[in-house]
Structure formats: C-alpha cells, structure tokens
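Subject: Structure handover

Hello,

Here is the structure we talked about. Please open it first, then read the notes below.

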Amino acid sequence: MLLLITGCSTHSLVSQEPVPEESPDYTLFFYIHGDSDYLFHQSGGEAIHADEHALDKALNAAKKAETGEVYIFHHRAEKNFLGLIPRRKSQFYHFQNGQEIQRIKYRRSSDDLFMEAENRLHALYGSDPDPADKPAYFLYFGHEIPLEVHRGYNASHSNTVVDTKAFATGLSAFIGEDHSYDLVALSSCSNGTPAMAKYLQETARYLLASPQNLHLSHINFTSLELLNESPDIDPGHLAEKIAAESYDRLTESVQTVVSLAVYDLEVTGGYIEELYSKTREYLNHETPNLFKENRDCIELPFFDKDQYSDGVRLFYRPPRFGSRSSSETHSGWGCKIVD
C-alpha cells in the first residue's frame, strides 16, 4: 500500500551503522532538476551532465554535514522499459550527521504538481519532526524557473505547470507554511527578479540568485560546512560567503557576465509589492520575449535604483566582450525588457 501511495519502488536503508541518535542542528535541502537537457561540453570536448555534476557536489556536502540533516532530490527524466513499463529514475538521498541512511528511487505521477512527489517523500521518510527550532537551507539547481505559467520545463511530464508561484508553493511544502528557510539559493539563470523575491517573501529570510546568467552547477557551497561549528551563523553572512566564493571562481573561469545577488527579504519586503506591481504592469502593456535573457531592471522607465536597492548585496562583473562590457554597475534586479 505504501508503494502505491508514494510511487516508490526501491527503498533501501544503505547504512550498516546504527542511525545517529544525536538530533541534527540544521537541515539542508538540495533539489537538482535533471528532467531536461543539461548536457554541455568542456573546452577539451569532454561531455558533462550538469545535473550529475551538481549531484556529486551535493553528496559530498551531505557527507561533510557532520551535525546536519540533508535531503537530496535528484529529479531525472523518466523512461519506460521496452517502451511499456515505467522505470523509476529519480533518486532521493537522506543523510543524518554525515551518514547516509536512506536512498530511494522514485517516479512522479503525471498528475503531480511541481515538487509534489518530493514533498511526499519528505513527509514519509524525513526524520525531522519539527523544523521550526533549527536553521533550514534550500538549494535549487536547474534551468531558469519561468516567470509565467510554462509547460515543458519537465521533459518527461511536459504538462506540469512550472512558474515562480508553483516553485514557491512546492518549496514551502517541505517545511510547512508556518515556517521559513534561513536561505534559499538558486543555481539557475535569471531568477534574481522582483517576482521571485515577492513569492518567497514569506518562505525565506534571504534569497541568493542571479539577475542574469548562472548555470546549474555554478554555485559553490563549501561554506555550508561552517554550519557544523556555528549552526546559528547569521544566514545573510553565510549567503554572502557562498556568493563570494562562487563569484571568485566564475570570474576566473568565464568571460561572460557574472552576477550574483543576496536579497535580504525582510528589507526588500518594504518595497517589493510596489516593485513587483510596476514590473507586472510593464509586462501587461509591453510584449518582451519571456524566453530571452534578463536585463537590468534599471532599463525599465519607472525603475529608481535609489528606491529599490536597499537589502540587495550584489557581486557583479560585466562581460569581457560585447556591447555591455562597459556596464560597470547593475541594480541587482533582473527584468524582461522589450528590445
């Protein structure tokens, strides 16, 4: 009966050691979206699947989370055996105090909302009964989460609605509406937007995202190890350390624009409704291509940088070439612009 409810076929307790009795001091969630095309090639021609690369990093972080509880969801494209029998390709990993205690293969139902299958797994197998009294961090790896209702984000279930609102709803369900994350970090392109800040306003204390390009495997998060010594570390400070180490690596390795921003959602909450409403009004009257890369919101006619800069800590370097290579500043907010 349990398997019918969850859609899971393989549930394994992987550790031969007793499950640690010590209660974890903090919780990490890693959601790695692999149900799309994430293949790229390095300069030497080596093929890399970016979601697999992100998974390796997440598993390594989980093993080093000596006093933490870690949930990793690797949402993969689903396939049918002999074209008929559905196969469970996605994988759920559960670590406690650095020890892997569960690994479960699962598949999504065609009727599932975005993240709904993962929400069920966490509710059934998660061991943390009350996340309210300990820090919680959520890290997402995938393509840009669309601003508007979009179908086709999941290659396997192309009818699943994925947009900013659906993402915020799915993310909130892991810890419940009465709780919030200390930090939500998005390793995805163009999600440092007024819309994302608005929809995560009640769900997270801080948001780390890029207003422009940031590919799936680009966030470095070794600074999370600081949680082992200081689980109550200021999440804004930790977010800036993660942004800084990611920025340092990217500026040494890429020639394109590098932009990461840490949003203090308590501070931006003082104006985010107004900013979001104005960007919505702009979209309602103009017709930008929503699939094109974000540009700086400062290019919108109503945008006042002095009015909308509080609570935004930006790590930015313009591209090394092209027409925007001389743009030395950025507002920290990404918007869809009519060319």
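Let's start with a helix. H7 has 19 residues. From first C-alpha to last, H7 reaches 27 Å, close to the 27 Å expected at 1.5 Å a residue. Please keep in mind that this is a predicted model.

Which residues of H7 are buried? They are Pro235, Gly236, Leu238, Ala239, Ile242, Ala243, Glu245, Ser246, Tyr247 and Leu250. An α-helix has 3.6 residues a turn, so residues three or four places apart point the same way.

Now look at aspartate 248. This residue is found in H7, which covers residues 235-253. Phenylalanine 315 lies 67 residues away from aspartate 248 in sequence. In space, the two are 9.5 Å apart, C-alpha to C-alpha.

Next, the nonpolar cores. In soluble globular proteins, nonpolar side chains tend to be buried together. Here, the largest nonpolar core has 50 residues. Phe138, Tyr140, Tyr181 and Trp333 touch the most other members. Helix H9 (residues 272-285) gives this core its largest share, 4 residues.

What does it contact, leaving aside neighbours within four places in sequence? The list for tyrosine 140 is Tyr31, His33, Phe114, Met115, Ile145, Tyr153, Phe167, Ala185, Leu186 and Ser187.

The structure holds 1 cavity of 30 Å³ or more. The largest cavity contains about 160 Å³ of space. How many residues line the largest cavity? There are 19, and Leu147, Thr193, Gly334, Cys335 and Lys336 lie nearest its centre. By class, the lining has 9 nonpolar, 7 polar and 3 charged residues. Helix H5 (194-199), H9 and strand S16 (334-335) each supply at least two lining residues. H9 gives the most, with 5 residues.

Best wishes

Key
Residues numbered from 1 in each chain as written. Predicted model: local features only at pLDDT ≥ 70, side-chain atom pairs only at ≥ 80, totals over all residues. Heavy atoms only, no water. Core = buried A, V, L, I, M, F, W, Y, C linked by side-chain atoms within 4.5 Å. Buried < 20%, exposed > 50% of the residue type's maximum accessible area, 1.4 Å probe, protein only. Contact = heavy atoms within 4.5 Å. 1 Å grid on protein atoms, 1.4 Å probe; cavity = no way out; pocket = protein on both sides within 12 Å on 5 of 7 lines; lining within 4 Å. Points joined across faces, edges and corners; volume = space filled by probe spheres on them. Nonpolar A, V, L, I, M, F, W, Y, C, P; charged D, E, K, R; others polar. Expected span 1.5 Å × (residues − 1).
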